Amino acid sequence: MLQKQNLRKAAHLTIPIFFGYVSIGIPFGLMVVNAGYPWWLALFMGLTIFSGTGQYVGIGLMAAGASLPTFLITQFFVGIRHIVYGLSLLKKYDKSRVGLWKYFLIFALTDETYALITTNDVPEGENDGEYYSVIAALNWSYWLLGGLIGALIGSVIPANFSGVDFALNSLFVVLMIEQVKKSRELFPSLCGISTTIISIILCKTGILPDKQVLMVALTLGIAVLIFAKSYLQKKESLKKTENKNKEAE
């Protein structure tokens, strides 16, 4: 069981996520009801899918009468970036460290939860899996709350929340700033921004398929990061070799 001060710390870390998820969850709930579905579907989708983009896209596909294979394939490509997240969390999510919490952590992994877990250490004396799971569960509850509020409001009164989903973009900016402040490394953020801009240009000019900005940006970003890592490791290796040669002399 987490100590009270560490539970408060986890809750404090997720405050920005609370405002972002509730702000974005409300329009999703409204979208569900406006599409003609019952209010409880917003809650059900949050419990079973837990993906903001996936749920928004899912409602559109359902309203368009898409087949189940189309729905599943689209959801796979929407969430394909989590493969990269998963690879970078192999050590943190090792079963020897997180135990059976691993399965919940895999399900509850989102962009925002990933940002918090990778930039914050587990308090001394606490179980990694339990601490990470509290953070993930709190974020999950915020998303469910936002969707439920929006669906209930939409069931009672008509409302227009267009533009509110921009809060997600603001939330990503805040998380990026926090990561830069803690890691003191600008290169990953600059790499993501520049590759995204290049991807938008390539897709909008027709050089690459339109509506594939995310996939192109991810591919370019990963390629640049791999190249940069390889270059830095090679440079460091050469430096060590030079130092050893100097010591031998």
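This is a predicted model: local features need pLDDT of at least 70, side-chain atom pairs count only at pLDDT 80 or more; totals for chains, interfaces and linings use all residues.
The largest nonpolar core has 35 residues, and helix 10 gives the most to it, with 10 residues.

**The core**
- Phe28, Tyr93, Tyr131 and Tyr132 have the most contacts inside the largest nonpolar core.
- Let's zoom in on Phe28: setting aside neighbours within four places in sequence, Phe28 touches Ala42, Met45, Gln55, Tyr56, Ile59 and Trp143.

**A covered helix**
- The buried ones are Asp111, Glu112, Thr113, Tyr114, Ala115, Leu116 and Ile117.

**Two helices side by side**
- To describe two packed helices, you give the angle between their axes and the distance between the axes.
- Helix 4 (residues 52-63) and helix 5 (residues 68-78) pack at about 155°, with their axes 10 Å apart.
- Angles over 145 degrees count as roughly antiparallel, so helix 4 and helix 5 are roughly antiparallel to each other.
- Helix 4 passes helix 5 in a right-handed crossing.
- On the helix 4 side, the contact uses Thr53, Gly54, Val57, Gly58, Leu61 and Met62, while helix 5 brings Phe71, Thr74, Gln75 and Val78.
- Sort the residues of this contact by type and you get 5 nonpolar, 5 polar and no charged.

Notes: Residues are numbered from 1 along each chain as its sequence is written. Side-chain values use heavy atoms; hydrogens and water are left out. Buried means under 20% relative accessible area, exposed over 50%, partly exposed in between (1.4 Å probe, protein chains only). Helices (H or I, at least four residues) and strands (E, at least two) are DSSP runs, numbered from the N terminus. A nonpolar core is a set of buried Ala, Val, Leu, Ile, Met, Phe, Trp, Tyr and Cys residues joined through side-chain atoms within 4.5 Å. Contact means heavy atoms within 4.5 Å. Axes are lines fitted to C-alpha atoms, for helices over the stretch in contact, and angles run from 0 to 180 degrees between N-to-C directions. Angles under 35 degrees count as roughly parallel, over 145 as roughly antiparallel, 65 to 115 as roughly perpendicular and the rest as oblique. A crossing is left-handed if the near helix is turned anticlockwise from the far one by less than a right angle, and right-handed if clockwise. Ala, Val, Leu, Ile, Met, Phe, Trp, Tyr, Cys and Pro count as nonpolar, Asp, Glu, Lys and Arg as charged, and the others, Gly among them, as polar.
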